[in-house]
Amino acid sequence: MRKTFRIKKPEEFQAVFGQHRSVANKYFVVYQAVKPTQKHFRLGLSVGKKIGKAHDRVWVKRRIRQTLLELKPELPAELDILVIARPAVAGKSQQFIKKQLIHAFRLARIVKDEEHAKSK
């Protein structure tokens, strides 16, 4: 995923947190902020030290980015999305992480249910 698709600056993170639009499941917390003039969605990731050592956190981030890359055509362009990984996600497979992230996105109404009915 290119750097233009990422949220990196603390003030950008705070802007999304400030809108208070979040949903969660056991594995992820998803925040979203609408920016109507934006050309494509942007993603911010937070994977805390409770997940594990640095290589474990990087592993989880890569799995999340890969999932978002696969979902890219279905994601609305006007959103800034923050994904916070919870400790329960440590050591899970790519397929499991994708399933749980899609579940969180459905709760947030970022993706629709029928688009992934066959991926179950």
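Trainee: Histidine 103 lies in helix α3. Does histidine 103 count as buried, partly exposed or exposed?

Mentor: The model is a predicted one, and the values are computed from it. The reading rests on two cut-offs: under 20% relative accessible area is buried, and over 50% is exposed. Histidine 103 has 33% relative accessibility, so it counts as partly exposed.

Trainee: Which residues does glutamine 100 contact, leaving aside its neighbours within four places in sequence?

Mentor: Glutamine 100 also belongs to helix α3, which spans residues 94-107. With those sequence neighbours left out, glutamine 100 is in contact with Asn25, Tyr27 and Phe28.

Trainee: Does glutamine 100 count as buried or exposed?

Mentor: The relative accessibility of glutamine 100 is 14%, and the residue therefore counts as buried.

Trainee: What is the state of lysine 99, buried or exposed?

Mentor: Lysine 99 is likewise placed in helix α3. With a relative accessible area of 54%, lysine 99 is exposed. In space, lysine 99 is 10 Å from tyrosine 27, C-alpha to C-alpha, while 72 residues separate the two in sequence.

Trainee: Where does phenylalanine 105 lie, and does phenylalanine 105 count as buried or exposed?

Mentor: Phenylalanine 105 lies in helix α3. At 0% relative accessibility, phenylalanine 105 counts as buried.

Trainee: Which residues is phenylalanine 105 in contact with, leaving aside its neighbours within four places in sequence?

Mentor: A contact list shows what surrounds a residue. For phenylalanine 105, once the sequence neighbours within four places are set aside, the list reads Val30, Leu68, Leu71, Leu75, Ile81, Val83, Ile110 and Val111.

Trainee: What is the phi of histidine 20, and where does histidine 20 lie?

Mentor: Histidine 20, again not a glycine, has a positive phi of about 55 degrees. Histidine 20 is located in the loop between α1 and β1 (22-24). At 67% relative accessibility, histidine 20 counts as exposed.

Trainee: Let us turn to the whole chain. In what order do the elements run from the N terminus on?

Mentor: The chain holds three helices and four strands, arranged from the N terminus as α-β-β-β-α-β-α. The radius of gyration is 14 Å, close to the 14 Å that the globule rule gives for 120 residues, so the chain is as compact as a globular protein of that length. Along the principal axes, the C-alpha atoms fill a box of roughly 40 × 35 × 25 Å.

Trainee: What share of the contacts joins residues at least 24 apart?

Mentor: Among contacts between residues at least 6 apart in sequence, the share that joins residues at least 24 apart is 78%. As for burial, 38% of the 120 residues count as buried.

Trainee: How many positive and negative side chains does the chain have?

Mentor: Charge is read both as a count and as a placement. The chain carries 28 positive and 10 negative side chains, and 7 Å lies between the centres of the two sets. The accessible surface comes to about 7,300 Å², and 51% of this belongs to carbon and sulfur atoms.

Trainee: Lastly, where is confidence lowest and where is it highest?

Mentor: The mean pLDDT of the chain is 89, and 92% of the residues reach 70 or more. Confidence is lowest in helix α1 (residues 10-17), at a mean of 90, and highest in α3, at 95.

Methods: Residues numbered from 1 in each chain as written. Predicted model: local features only at pLDDT ≥ 70, side-chain atom pairs only at ≥ 80, totals over all residues. Heavy atoms only, no water. Helix = DSSP H or I, 4+ residues; strand = E, 2+ residues; numbered from the N terminus. Buried < 20%, exposed > 50% of the residue type's maximum accessible area, 1.4 Å probe, protein only. Contact = heavy atoms within 4.5 Å. pLDDT = per-residue confidence, 0-100. Rg over C-alpha atoms; globule rule 2.2 N^0.38 Å. Areas by Shrake-Rupley, 256 points an atom, 1.4 Å probe, with all protein chains shown as cover. Lys, Arg positive; Asp, Glu negative; His and termini not counted. Charge placed at Lys NZ, Arg CZ, Asp CG, Glu CD.
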